[in-house]
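Please examine the sequence and the structure shown below before reading on. The briefing then takes up selected features by topic.

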Amino acid sequence: MNTNMKTPLPVTVLQYLALGGFLLFLGFPVLWIVSASFKSSAELNSLSANLIPNEWVFTNFTTALERQNLLTSAGNSFLVAVSTMVIAVIVTLPMSYALARLRGKLRAAGTVWILATQVFPQILIIIPLFLVLRTLMLNDTLLGLILVYVTFTLPFTLWMMQGYVAAVPRELEDAGSMDGASRFKVLVHIVFPLLRPGLMATAMFTFVSAWNEFFLALVLLQSPELFTLPITLRAFLGAEGQTQLGPLAAGAVLATIPSLIVFSFLQKKLTGGMLAGAVKG
Amino acid sequence: MSAPAPALAPPSGGSPRRKAGLGPRQKAERREAIALVIPALLPIIVFSMIPLLAGVYLGFTNATLARNAEIEFTGFDNFVQLAGDEQFWDSFGIGLVWAGSVAALTGISAIALALLLNSKLRFKSLTRIIVLIPWAMPPVVTGILWRMIYDVNSGPLNAALSWFGIDKVNWLGDFSTALPAVIVVGIWSGLPQTTVLLLAGMQSIPGELHEAAALDGANAARRFWHVTLPGLAPVLIAITSIDFIWNFNDFGIVYVLTEGGPGGQTMIPPLFTYLEAFRNREIGYASAMGDVLVLAILLILSIYLVNQFRQNKEGR
């Protein structure tokens with residue numbers, strides 16, 4: 001783009017200053033919490049803005065993992081995130097096909113519902129949701145939370161997946177059915193394999209959503225042994241002055257790693273999916 | 001969303017629709033469609049649609065969290081009470097300021113950052129990596145991390161200010177700084193996603209448009225104003241409005257940062273509603289608040305949609 005244009009020097013300087021400002025704003029807080037996770041408690045409580053710890057301490061991580069049932073919560077979070085991912089994919093795949101291929105009332109209703117879920121505050125849904133789960137005897141269970149997570153990620157996964165389905169040429173399906181294969185066979189052997197990349201992106205997105213989610217878990221889980229990682233981390237904060245900053249920072253760093261790994265794989269696909277939805281949706 | 005009336009349909013437009021007497025083929029297709037849709041539709045109905053409708057209804061009742069209390073329909077009682085509830089309307093105003101500032105400032109900063117990332121500067125891959133981290137971070141971790149940054153005694157922000165001889169500020173605990181401090185965190189966590197989307201949008205604008213404008217002698221500012229911004233507008237508007245709605249409806253970050261304090265300075269409506277429902281156990285009253293919030297969002301949205309519609313009509 002504009003290859004023959006020369007940018008004047010002051011503009012370049014300003015651009016680098018602006019870029020530096022953004023880097024500082026976005027990056028410094030992250031560096032700070034990572035550095036805090038390696039600092040001794042004495043250093044953490046002193047008023048010093050050292051980004052590099054005077055003395056590197058690793059006990060924060062062991063303290064966090066040992067004492068504050070962080071490991072149990074991480075296990076819960078992992079179980080919930082993986083189950084949500086698997087169920088969401090199984091459920092999204094056929095419906096996204098229907099949304100993309102079967103035009104008409106179904107599609108219109110689906111679109112309206114997807115929009116509605118974005119407009120309604122979760123707080124309005126959570127109260128009766130709590131009552132529904134109580135009726136189904138699923139309140140304060142991980143299964144209940146998983147089913148709720150599956151439902152709440154559906155608007156986005158359906159939106160994303162139907163875009164991928166629409167990209168599969170119809171002629172491929174027609175060729176299949178000409179050869180006498182049933183619709184089901186055509187789907188399983190021709191359409192679904194082509195959707196694998198989109199499916200991977202969708203699966204990873206649901207994993208991260210479930211791993212990071214805070215509010216629904218906060219309201220729906222009461223037993224401490226069922227708490228997911230965000231809830232336990234929030235409980236770390238505790239009363240003013242009692243907070244152990246080191247283990248808290250260590251726990252926060254550990255909680256970010258899984259979604260960061262998934263996200264680095266996912267970033268491009270997620271952008272494409274969201275953009276297609278925002279512009280064409 | 002209704003289908004065009006038969007009389008208006010083009011004469012050769014597909015096969016005529018028959019209302020009665022579906023053939024065996026249509027019947028089979030209908031069965032297939034149902035089979036495809038049921039696995040997703042079932043959880044949607046049970047965990048989303050029923051709770052949604054029930055939530056709207058509960059606003060017209062005296063429901064509480066007590067197990068055996070009978071739920072009675074009380075008409076508009078809750079709404080009459082709500083009309084005089086100053087605390088709620090205060091929080092409503094705070095919510096508008098919070099969501100509005102975050103959406104607007106995120107949009108503006110994201111344009112700037114996306115432009116920088118789309119230019120010929122160095123360090124772009126480093127920036128891209130850094131942009132990824134806040135995006136992937138669980139909201140709770142974002143809250144914890146910024147509480148550490150803002151901490152009066154051990155936070156780096158006050159330490160840095162002390163180099164310039166500025167006194168300690170209790171960022172999240174002071175009446176005048178709490179809301180701006182929370183807004184900054186909102187921008188921090190939303191900026192990456194908006195930037196990445198805008199960047200993708202920018203890259204989909206054909207380069208020839210820029211070259212043509214440059215040949216016509218347009219400088220960088222004019223090219224931005226006349227080529228980049230119009231090309232970006234649909235994406236920008238869509239993202240900013242979704243950002244506004246999300247922030248208006250969500251309270252995770254604010255809850256972790258301040259729990260609505262100090263003295264209600266950051267008490268945004270969903271947080272206020274949450275506390276009313278689960279601390280004061282007044283489900284009916286809390287649901288009425290939720291109903292009002294939905295109405296407000298729909299109102300804002302419809303004004304926006306009508307505007308869009310008008311612009312489309314005038315523009316083309």
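The points below describe a predicted model.

**Overall build of chain B**

- Chain B contains twelve helices and zero strands, so that its elements, read from the N terminus, run α-α-α-α-α-α-α-α-α-α-α-α.
- The radius of gyration of chain B is 26 Å, whereas a compact globule of 316 residues would have a value near 20 Å.
- Along the principal axes, the C-alpha atoms of chain B fill a box of roughly 85 × 75 × 35 Å.
- Among the contacts in chain B with a separation of 6 or more, 64% are between residues 24 or more positions apart.

**Surface and interior of chain B**

- Of the 316 residues in chain B, 48% count as buried.
- Chain B exposes about 16,500 Å², and carbon and sulfur atoms supply 63% of that area.

**Aromatic rings**

- Over all chains, the structure holds 32 aromatic pairs.
- One of these pairs is F88(B) with F92(B): the ring centres are 6.3 Å apart and the planes stand at 45 degrees, so the pair is tilted.
- Both F88(B) and F92(B) belong to helix α3 (residues 86-117) of chain B, where four residues, about one turn of the helix, separate them. F88(B) and F92(B) are both buried.
- In the pair of Y255(B) and Y274(B), the ring centres are 5.9 Å apart and the planes are at 80 degrees; the pair is therefore edge-to-face, since planes over 60 degrees apart fall in that class.
- This pair links distant parts of the chain, with Y255(B) in helix α10 (residues 252-257) and Y274(B) in helix α11 (residues 269-278) of chain B, 19 residues apart. Y255(B) and Y274(B) are both buried.
- Y255(B) and Y274(B) also belong to one aromatic cluster, together with F251(B) and F278(B) from chain B and F130(A), F214(A) and F215(A) from chain A.

**A nonpolar patch on chain A**

- On the surface, L31(A), L51(A), I52(A), W56(A) and F58(A) form a nonpolar patch. Together, these residues have about 560 Å² of accessible area.
- Is F58(A) buried or exposed? With a relative accessibility of 55%, F58(A) counts as exposed, because the cut-off for that class is over 50%.

Note on methods. Residues are numbered from 1 along each chain as its sequence is written. Chains are lettered from A and ligands numbered from 1 in the order in which they are written. This is a predicted model: local features need pLDDT of at least 70, side-chain atom pairs count only at pLDDT 80 or more; totals for chains, interfaces and linings use all residues. Side-chain values use heavy atoms; hydrogens and water are left out. Patches are made of residues with over 30% relative accessible area and no salt bridge: like charges are joined within 9 Å, nonpolar side chains (Val, Leu, Ile, Met, Phe, Trp, Tyr) within 5 Å. Accessible areas come from the Shrake-Rupley method with a 1.4 Å probe; for residues, only the protein chains shown count as cover. A salt bridge is a side-chain nitrogen of Lys or Arg within 4 Å of a carboxyl oxygen of Asp or Glu. Buried means under 20% relative accessible area, exposed over 50%, partly exposed in between (1.4 Å probe, protein chains only). Helices (H or I, at least four residues) and strands (E, at least two) are DSSP runs, numbered from the N terminus. The radius of gyration is taken over C-alpha atoms; the globule rule is 2.2 Å times the number of residues to the power 0.38. Contact means heavy atoms within 4.5 Å. Rings of Phe, Tyr and Trp (its six-membered ring) pair if their centres lie within 6.5 Å; planes under 30 degrees apart count as stacked, over 60 as edge-to-face and the rest as tilted.
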